[in-house]
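Here's a walk through one protein chain, written for someone who would rather look at contacts than read a table. Keep the viewer open as you go.

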Amino acid sequence: MERETYYENYPLGIVCLSIVLTVLSYALGTAIFYLINNLLGVGYIILCFISIMISIKFRCTFCYYYDKRCFSGLGMIAKLFFKKDNPDEFRNPKNLMLPAIFSFSVLLLPLIGAIILMIIEFSWLFLVLFVFYLIIGVISSFALRKNLFCKYCKQGKIGCPAFEGMQRKKSQMGS
């Protein structure tokens, strides 16, 4: 039987990797929108900030890693903005929907923006931004989340819909 390992506090290397990928994906997303319109670039940065704050409020305050070093570093930041809430509410759908909507918006809108840019006026720059965003913001994020970030997450063991969804996909792929 394989021993399950969970981090009480994630190693700094994992936290730094997560932060670097997040900042890079936000920067690429901002660049894509900035090329469409300067105000859209600023709007995207604001959307990223709002998404982070909503995630902190509706996810981190209920999480095992509140005031601890989680993979993203937001668990420690959460204490600066919000008080800890009841951990039993982590799985409550009312605490899942708003962060999910904002997180997926931040993730998918740059892809849509880059496609629009390429339809309006194709350029290699738009294609390169699209490909880099796809690799850094989407593919690496999902691959690392599944294989590194969530794999060692104690909240996943306690109860996390994202973790459970990844485990179902993993077991379906193995069947």
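## Gln 155 and its neighbours

Once residues up to four places away in sequence are set aside, Gln 155 touches Phe 62, Cys 63, Tyr 64, Tyr 65, Phe 90 and Cys 160, where contact means heavy atoms within 4.5 Å. You'll find Gln 155 in helix H6, residues 154-159. Helices here are DSSP runs (H or I, at least four residues), strands are E runs of at least two, and both are numbered from the N terminus. With a relative accessible area of 4%, Gln 155 is buried. The cut-offs are under 20% relative accessible area for buried, over 50% for exposed and partly exposed in between, using a 1.4 Å probe and protein chains only.

## What kind of model this is

This is a predicted model, so to speak of local features takes a pLDDT of at least 70, side-chain atom pairs count only at pLDDT 80 or more, and totals for chains, interfaces and linings use all residues. Residues are numbered from 1 along each chain as its sequence is written, and side-chain values use heavy atoms, with hydrogens and water left out.

## The chain as a whole

The protein chain has 7 helices and 0 strands. Its C-alpha atoms fill a box of roughly 55 × 40 × 30 Å along the principal axes.

Buried residues make up 37% of the 175. Of the contacts with a separation of 6 or more, 71% are between residues 24 or more positions apart.

## H1 against H2

Two packed helices are described by the angle between their axes and the distance between the axes. Helix H1 (residues 12-36) and helix H2 (residues 38-58) pack at about 150 degrees, with axes 5 Å apart. The axes are lines fitted to C-alpha atoms, for helices over the stretch in contact, and angles run from 0 to 180 degrees between N-to-C directions. H1 and H2 are therefore roughly antiparallel; the classes are under 35 degrees for roughly parallel, over 145 for roughly antiparallel, 65 to 115 for roughly perpendicular and oblique for the rest.

On the H1 side, the contact residues include Gly 29 and Phe 33, and on the H2 side they include Gly 41 and Tyr 44. By class, this contact has 9 nonpolar, 5 polar and no charged residues. Here Ala, Val, Leu, Ile, Met, Phe, Trp, Tyr, Cys and Pro count as nonpolar, Asp, Glu, Lys and Arg as charged, and the others, Gly among them, as polar.

## H1 against H4

H1 also packs with helix H4 (residues 93-120), at about 40 degrees and with axes 9 Å apart. That makes H1 and H4 oblique to each other. Among the residues in this contact are Gly 29 and Phe 33 of H1, along with Pro 110 and Gly 113 of H4. The contact divides into 10 nonpolar, 2 polar and no charged residues.

Leu 129 sits in helix H5, residues 124-149, and is buried at a relative accessible area of 10%. Leaving aside neighbours within four places in sequence, Leu 129 is in contact with Leu 28, Ala 31, Ile 32 and Leu 35.

Most residues other than glycine have a negative phi. Asp 67 has a positive phi of about 65 degrees although it is not a glycine. Asp 67 lies in the loop between H2 and helix H3 (74-81) and is partly exposed, at 38% relative accessibility.
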